[in-house]
Amino acid sequence: MKKLFLLAALFIAAAFPSCSKHDGVETPDLPDPQPLAIVFAEGNSLQFDVDETKTVHYTITGGSANNVVKVEMQNPDDAYTVETTPISATEGTITITAKKPSNENRIIVTVSDGSQTVTAEIAVSAKPIPEELVITFAEGNSLEFNVGETKTVHYTITGGSDKTVVKAEMQNPDNDNAYEFYITQTSATEGTIKITVKIPSTDNRVIITVSNGSQTIMAAIDVTIKLKASFDGKTVEVKTAGTLSKLLADYDKTTITDLTVIGNLNDKDIATLEKLPNLAVLDMEHVNLKAFPVLFYEKTSLISIKLPLTLKTIRNSSFRGCSNLTSITIPDSVTSIENYAFIDCNSLTGVYITDIAKWCAIEFYRGSSNPLVYAQNLYLNGELITDELVIPDSVTSIGSYAFSNYSRLTSVTIPDSVTSIGFGAFSNCSSLTSVTIPDSVTSIGMSAFFNCSSLTSVTIPDGVTTIGSWAFQYCSSLTSITIPNSVTTIGERAFEDCRGLTSVTIGNGVTSIGSYAFYNCRGLASIYCKAQTPPTIGFAAFNGVPRPTIPLYVPIGSADAYRAADGWESFSNTNEMEFE
């Protein structure tokens, strides 16, 4: 029995933790508390700009509900302010503002829970001052140019970063684009600036801006033009507009046949050129002139001319009657050519351009405004455009009379970017046999393909809503035409005298057909009109068409309406059919 008692006592002692006696009461022994610690999410070292504020998030472990956090500067001064905001017993923030962070310092953070106390530090200092940003130019800050000259400036940047960006602009922007410049950054610290002087202009500056995100600096390159007020028998440089006559005063005017003019000209100077009796070849590319005046009227000595690169407008009758003019160079800057500008230039055989898109955008006031009426040869960058013309993707509209009378064309490809074809754009292109009109086109202007007598087929896309008057008049080789469901109006005389036309399909969206629209289309053998309601018909729209005999096909259930409608009642062979 004594053995059993001892075993039971041992079992009870093993089953319960050891106890200690306090004031006569036995209590169990407790584990040692977890060590108190604080950590900062943003780290223990911060750098500041002046007046910058940063927030540090802290987390406490090993404490209790009685945790208290205090902060103070190791070296008290007015450079920093510090504020703590507890969120709970274990979390909070410390807000630090650097008013004038000049010296390094430390924030001492003390945490206490009543039984334990720990300290931690956050080192604070001013951000290092970056190296000053500087740009230098190997060729210097002042350049002198001849007109048409290009120079390359090499630059080097110090104190920047891999985010350095270089930009340039003219100090005094001009509308003539007298100066052109291109920046090529080969790295964050090096690159080139290519500067070209296209035409005479006043002295100017190229302003260079360099930025790396934290610093921005500016530098300048002075640009000046070298022009001498003189005449060497071949080239005359005019510094001041209106002084050309004075520069040529002591020279035998009858001997001047081939002349290059550089400088600033006005109407008075153009009049001086017009009076040179034997002037045959004139290069004015580097003349500063926006509008060409009407002063070369009937100047029969003129054979070739290059117009100024700044030119915007060729005025009414500018070259009228220049009967020996054979070639003209028209710059990309030209936006309009007025009435009769080249009328009676019967010897003109070459027009020279550098950009088809710019040519398509010129406003030709009349067909006779376009020198192609006589020249019949359009040169793009020196290459003659023959047979196929491909309009570039950048073109959105083909302007009025753009290619009028250009008989060399046999086919034209129009890109999806084009939405409209202008008045007379391809009129009298007598060799044109095919044209591709994209779905993007919504309107075909009046006389757009007037008298394109070789045009055998054309597909009008679904996007077209208007076919202008005379659009395909006298296209005698057309055999069939389909007008899509989106065309609501067919202009007057749109297909007049298209004698080769044998079949016409008119879409269901057409509501009106203009006067003489199909006048004298004698070859028509069938007409398909998908409109449920008969479109209105203008005067003599189908006169000359064998209406008593050819079949007219209309939608099911609409034959009676057509037989009763004005203009349609003259068709004796009206039939109903189901259209797709």
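User: What do the side chains of Arg563 and Asp560 meet in?
Analyst: They meet in a salt bridge, at 3.0 Å from N to O. Keep in mind that this is a predicted model.

User: Okay, and where do those two sit relative to each other?
Analyst: Both belong to helix α6 (residues 559-564). Arg563 and Asp560 are about one helical turn apart, because three residues separate them in that helix.

User: Is Asp560 buried or exposed?
Analyst: Asp560 is exposed, as its relative accessible area is 59%. Arg563 comes out as partly exposed, at 43% relative accessibility.

User: How many salt bridges turn up in the whole structure?
Analyst: Searching the whole structure gives nine salt bridges. One of them pairs Lys127 with Asp49, with the closest N and O atoms 3.3 Å apart.

User: Which parts does that pair tie together?
Analyst: Two loops. Lys127 is in the loop between β10 (117-126) and β11 (134-137), while Asp49 is in the loop between β4 (45-48) and β5 (52-61), so the bridge ties together parts that are 78 residues apart in sequence.

User: And how open are those two residues?
Analyst: Lys127 counts as partly exposed because its relative accessibility is 34%. Asp49 is also partly exposed, with a relative accessible area of 39%.

User: Switching topics: which residues form the negative surface patch?
Analyst: Asp393, Asp416, Asp439 and Asp462 form that patch.

User: Where's Asp393, then?
Analyst: Look in the loop between β33 (387-390) and β34 (397-398). Asp393 counts as exposed because its relative accessibility is 62%, and the cut-off for that label is over 50%.

User: Now Cys529. Is Cys529 buried or exposed?
Analyst: Buried. Its relative accessibility is 0%, and anything under 20% gets that label. You'll find Cys529 in strand β45 (residues 526-529).

User: What does Cys529 touch?
Analyst: Leaving out residues up to four places away in sequence, Cys529 touches Ile506, Pro535, Leu552, Tyr553, Val554, Pro555, Tyr562, Trp568 and Phe579.

User: How far is Cys529 from Asn508, going by C-alpha atoms?
Analyst: Their C-alpha atoms are separated by 7.1 Å, and the two residues are 21 residues apart along the chain.

User: Last one: where's Thr84?
Analyst: Thr84 is in strand β7 (residues 80-86). With a relative accessible area of 24%, Thr84 is partly exposed.

User: Which residues does Thr84 touch?
Analyst: Tyr58, Val69, Thr93 and Ile94, if you skip residues up to four places away in sequence. As for Lys70, its C-alpha atom is 7.3 Å from that of Thr84, and the two are 14 residues apart along the chain.

Key. Residues numbered from 1 in each chain as written. Predicted model: local features only at pLDDT ≥ 70, side-chain atom pairs only at ≥ 80, totals over all residues. Heavy atoms only, no water. Patch = residues over 30% accessible without salt bridge, like charges linked within 9 Å, V, L, I, M, F, W, Y side chains within 5 Å. Areas by Shrake-Rupley, 256 points an atom, 1.4 Å probe, with all protein chains shown as cover. Salt bridge = Lys/Arg side-chain N within 4 Å of Asp/Glu carboxyl O. Lys, Arg positive; Asp, Glu negative; His and termini not counted. Charge placed at Lys NZ, Arg CZ, Asp CG, Glu CD. Helix = DSSP H or I, 4+ residues; strand = E, 2+ residues; numbered from the N terminus. Buried < 20%, exposed > 50% of the residue type's maximum accessible area, 1.4 Å probe, protein only. Contact = heavy atoms within 4.5 Å.
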